[in-house]
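Work through the following exercises with the structure open beside the text.

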Amino acid sequence: MIQVSNLVKRYGDLIALDHFNLEVKKGEIFGLLGPNGSGKTTAINCMLSLLKYSKGSVSLFGEPMTPEHYRNKRRIGVVMQNVAVFNELTVVENIDYFCGLYVPDKKRRRALLDEAIEFTGLGEFRKFLPKKLSGGLLRRLNIACGIAHKPELIFLDEPTVAVDPQSRNHILEGIRELNRGGATIVYTSHYMEEVEQLCSRIMIMDKGKSVAIGTKEDLKAMIRAGEKLTVEVYGLSGAALDEIKAIDGLVQTEYDGHTLTARCASEIHRLGAVLDVLTRRQIAFGSVFSEPPTLNDVFLEITGKDLKD
């Protein structure tokens, strides 16, 4: 569906994309994960021929993408990070307008309009102006305008920024439904939980480059860090802490006076050994948590900074 080769985009002396490569297969939900400023939106705009680039090539649906390739553009849906609707039009009028850019037949468009409204849960807001909608409902309207014409390839750029939890869950489930209906989706976010839930493959971007790509399991296997152990414990003595730190397979252990945290090496489990030290030394402990490594851990180890920086 998408083939990007050695894409370079410069803004003066700033290199926004640095020999960027990407391949997305039909039927995937492909995640572009990275902090703000990593190049995600620039990459999408170049793929859509909304930006000129300095070097490289972009092919969509097996054909070179150009600004005049309207036949392929009709097969694409775009939902950008900044909400793009007309404030003077109602919900139904906005969706009808954007769908009309792709579907001239009014009868067909009416059916698609009803489907988009039902899909995004905007039925009771059909006659509302955008200024009357909450942030979450406005995001849903933005999505409805971008997908009403039933595109085969959909770009979703940070669609859940600043929305309430209910709308976020509604949007994420909607994305899954679009994919089940046959759409290939490119999903950008710096919310690692969303990308981890949704995407079949993930690319981590930083400074305009791909720094890692694969399934979430592939990415987590690239780093040394394994599960994170958290134990609520008071009165942990220096000797007991030293004994825990000496456990083979623990690569990072910290204690702040009430919570013990320890990171295991990749694919190593040491919760039992930690609790054995506490039990043997008769040190009382409370809540115990064991968390597998996250995509944030991957990003932190590869780039040295947090995903949300």
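**Exercise 1. State into which domains the chain is divided, and how many Å separate their centres.**

Solution. The chain falls into domain 1, covering 2-220, and domain 2, covering 224-292, with bounds that come from an automatic or database domain assignment. Taken over C-alpha atoms, the centres of domain 1 and domain 2 are separated by 42 Å. This is a predicted model, in which local features need pLDDT of at least 70 and side-chain atom pairs count only at pLDDT 80 or more, while totals for chains, interfaces and linings use all residues. Residues are numbered from 1 along each chain as its sequence is written, and side-chain values use heavy atoms, with hydrogens and water left out.

**Exercise 2. Count the disulfides and examine Cys145.**

Solution. A disulfide is taken as a pair of cysteine sulfur atoms within 2.5 Å, and by this rule the count comes to 0. Cys145 is in no disulfide, and the nearest cysteine sulfur, that of Cys99, is 9.6 Å away. Next comes accessibility, where buried means under 20% relative accessible area, exposed over 50%, and partly exposed in between (1.4 Å probe, protein chains only). Because its relative accessibility is 6%, Cys145 counts as buried, and Cys264, at 0%, counts as buried too.

**Exercise 3. List the buried residues of helix α11 and find elements that cover them.**

Solution. Helices (H or I, at least four residues) and strands (E, at least two) are DSSP runs, numbered from the N terminus. In helix α11, residues 295-303, the buried residues are Leu295, Asn296, Asp297, Val298 and Phe299. With contact meaning heavy atoms within 4.5 Å, the elements that cover these residues include β3 (29-33), α7 (192-198), β9 (201-206), α8 (216-221) and β13 (259-265).
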